[in-house]
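Dear colleague,

Please find the structure below for your review. My findings follow it.

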Amino acid sequence: MTVAEKKNKVEDVEGLDDGLAVDYKLSDDEEGVEIEEEEESPKETTEDTTADITEDTTIVVGKKRKNKSEESKSQKKQKMEFEKENKKSLSNEKNDIIVEKISSKIREIFPNLSPLELSDYYLKKENVIDTSEYSKEKNLTNLSNFIETFMKELIPSIKEYKRLRNKIKKFETKKKFNKKFNKTVEIPPRKFILILSISAIRSCDVHRATRDLEGGSVKLINKNPIGQDLKMLKTTWSRILNSTVERIDKILEISKNDVERNFEDGLTLKEEEIDTIILDNYIDSKLRSVLDYCETFELIKKIKDKNPNLKVYVY
């Protein structure tokens, strides 16, 4: 190859377009300044994408946690409802099943007692009245009907009350004018229906549901002055007592010890005067009923010791 050919080849190589174009901007006093185009950085896009992914992931995780929490709450609610219905259903069972379940509850409440000691708390099948065939729902609305159906003989007659009252007044008048007159009016022994509720508020609800029965009902709660309750019990013609375990126990103790000296001698309320106990099987928001407390069975034992023929209903 000649020198001329080599020169031409070099010029051809320099003239090739290799895609690396270089722009020149000439100023008046410069021969040429090279300006390079800057490559766009993908940093912003990457950051935006990462933020979107993080946000989406947070939303998904948040939804999963929320769904898990809601599912847990739903399961807990279902469990509580099941337990509540299971407790309420006791009042609809036959008396032998009620006796068995109450005995189990007594063993649970008094774990340290011996079998012999526990037997004092147990209710016999004869004590618990079977009301499983009662067709109506056992709620406050039907409570008066329930009492009239199973305990009609214990509801006082207003006519009988007025007859006795007039006879007493007549005899008292005769005694004033004739000291030798010694006849007395024979008053039949009192027999009370005691409705035991879990709280004073519930007792008030029960009182409102039973006060329209003949003779009405008496509300005995801690809010009332104890003297007022004792005085009312000595004179009332009503035979339905609505109360809590604590209040009745206190009244029985005061009556027994004759603490209230401002009243006439004699017991205000005797254990043997309580003929029937209705256990108000109302379940509160904490899934408790009157059957969950040791004081309930202590009171029943105290009354049963004085009245072995005590009748117990679960309502």
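How many helices and strands does the secondary structure of the protein chain come to? It comprises 10 helices and seven strands, where helices (H or I, at least four residues) and strands (E, at least two) are DSSP runs, numbered from the N terminus.

Please note that this is a predicted model, in which local features need pLDDT of at least 70 and side-chain atom pairs count only at pLDDT 80 or more, while totals for chains, interfaces and linings use all residues. Residues are numbered from 1 along each chain as its sequence is written, and side-chain values use heavy atoms, with hydrogens and water left out.

The chain as a whole

Of the 315 residues of the protein chain, 33% count as buried; buried means under 20% relative accessible area, exposed over 50%, and partly exposed in between (1.4 Å probe, protein chains only). The protein chain exposes about 22000 Å², of which carbon and sulfur atoms supply 49%; accessible areas come from the Shrake-Rupley method with a 1.4 Å probe, and for residues only the protein chains shown count as cover. Among contacts in the protein chain with a separation of 6 or more, 69% are between residues 24 or more positions apart, a contact being heavy atoms within 4.5 Å.

The sheet

Five strands form an open, parallel sheet in the order S4-S5-S3-S6-S7; two strands pair if DSSP finds at least two bridges between them. Its edge strands are S4 (218-220) and S7 (311-314), each of which pairs on one side only. From one strand to the next, the twist averages 20 degrees.

Another five bridges join S3 to S6 in parallel, and here Ile195 stands opposite Ile278. Finally, S6 and S7 pair in the parallel sense over four bridges, Lys311 in S7 being the bridge partner of Thr276.

Which residues of S5 point one way, and which the other? Ile240, Asn242 and Thr244 lie on one side, Leu241 and Ser243 on the other, and all are buried. In a regular strand the side chains alternate between the two faces of the sheet. Because five of the five residues of S5 are buried, this strand is largely enclosed by the rest of the structure. S6 (residues 274-279) is mostly covered, with six of its six residues buried.

The helices

Helix H8 (residues 226-235) lies across S4 and S5 and runs at about 150 degrees to S4. Axes are lines fitted to C-alpha atoms, for helices over the stretch in contact, and angles run from 0 to 180 degrees between N-to-C directions.

Helices H9 (residues 245-257) and H10 (residues 294-306) pack at an angle of about 35 degrees, with their axes 10 Å apart. In this contact, Val245, Ile248, Asp249, Leu252 and Glu253 of H9 meet Glu295, Thr296, Leu299 and Lys302 of H10. By class, the contact has four nonpolar, one polar and four charged residues, with Ala, Val, Leu, Ile, Met, Phe, Trp, Tyr, Cys and Pro counted as nonpolar, Asp, Glu, Lys and Arg as charged, and the others, Gly among them, as polar.

Yours sincerely
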